[in-house]
Structures are given as structure tokens and as C-alpha cells.
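Please read this report with the sequence and the three-dimensional view side by side. It goes through a few local features in turn.

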Amino acid sequence: MPQVPPGIGMTTIAWDGHMVAADSMATTGDYKNPRDVVKLKLEAGILFALCNTSCMFEPLVRWYLASAEPGMMPRAPDADFSFVVFKPGETLYFVQDCPYPSYPGSPNAWGSGGAFAIGAMLNGASAVEAVRIACKANPSGTAPPIYGYKLSFDGWLKIPSRQCA
């Protein structure tokens, strides 16, 4: 596996107020994993996103859909994650050490390529374009394929992969 420079994380998730996009790079320790990781999940009409510690995705989604009771938030030793919940009209942001959400605005981005993505969106890029730019600016922490969802009157619609390439 190719080595990732020490201290470099993975993931770029971008939110432009209409669209959410994410890369699919995975790392294991300091190495790039050859498999892609799903960082966006649509369930029960709610779009979920996760940075880091991919094994926490399913437990966090189940927790949120069941009750989102702060005292019941799943935790794992040394787990470091950012969990974002996108609902029409509301975005909630959770981190591993606080079960109470903050309410980020847009544009916003999370992960190692987040600063690149925010800069791109502030200059007119869509969320998908912003993640594409982050892939170029931060290749050791963000990589294609890129996946995305767009908010419509009918809820979240998956963006065709050819539009994310």
C-alpha cells in the first residue's frame, strides 16, 4: 500500500447549501487502503456523512434514527470522527467527544481537505467541484471517486457518478 505522510488524515465532505459531496479514500494507519469507503449514506430521507473511523458509521446512523439520545451516542476507544446529519432545512454536526450537535451553516466542509473545499466554494464551486479541487490540492488525504447528493423538493437525489467524475 502507498504510504501517507504522517499526521495527514483522510476525507473531504463538502456542503454548499444545495449539494453534499464526498471523496472515497480510505487509510489504514499511515497507508492508503486499496478499497473505497462510503462516506455518505441516505436513510429514512436523511443524509448522513462521516469523517474518519468508518466502522462507526452504522452505529451512529442507528443511534440517530433510534433516538439521538445524548447519553446513548456510540463511542469507541480512540475513535476520532465527525458525524454530519443533513435534513431539509437543518444540518447537525456531532464529534466523538460531544453528543450534543452544533448547527453549521453553508458553505462548509469537513476532513483533511475541508479548507481547500471551503475556499473553492467561496469562489463559486459546487460541493462536487470543491471535492474535486481538494483531491488535486490534497492527494494524500482526498481521492476519487467522488459521490454526491443534491437536495430537491422531493428530498435527496443521488448525483449520477458521471457528473461527479
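N108 is buried, with a relative accessible area of 18%, where buried stands for under 20%, exposed for over 50% and partly exposed for values in between (1.4 Å probe, protein chains only). The model is a predicted one, in which local features need pLDDT of at least 70 and side-chain atom pairs count only at pLDDT 80 or more, while totals for chains, interfaces and linings use all residues. Residues are numbered from 1 along each chain as its sequence is written, and side-chain values use heavy atoms, with hydrogens and water left out.

The residue N108 belongs to strand β10, residues 108-110; strands (E, at least two residues) and helices (H or I, at least four) are DSSP runs numbered from the N terminus. A polar atom of the N108 side chain lies 3.4 Å from the backbone oxygen of G105. Leaving aside residues up to four places away in sequence, N108 touches I13, A14, W15, I118 and M121, contact being heavy atoms within 4.5 Å.

M121 leads on to helix α2 (residues 114-122), whose buried residues are G114, A117, A120 and M121. These residues lie on the same side of α2, because they cover an arc of only 125 degrees around the axis, the arc being that of the directions from the helix axis to the C-beta atoms. The buried residues of α2 pack against β1 (13-15), β10 and α3 (127-137), whereas A115 and L122, on the other side of α2, are exposed. Just after α2, G124 takes a positive phi of about 100 degrees.

Another feature is the hairpin formed by β8 and β9, with two residues between them. Strand β8 (residues 90-95) and strand β9 (residues 98-102) pair in the antiparallel sense over two bridges, and pairing requires that DSSP finds at least two bridges between the strands. Within this pairing, Y93 has S102 in β9 as its bridge partner.

How many disulfides does the structure hold? There are zero, a disulfide being a pair of cysteine sulfur atoms within 2.5 Å.

How values were computed:
Polar contact = N/O pair within 3.5 Å; in protein donor to acceptor, adjacent residues only side chain to side chain.
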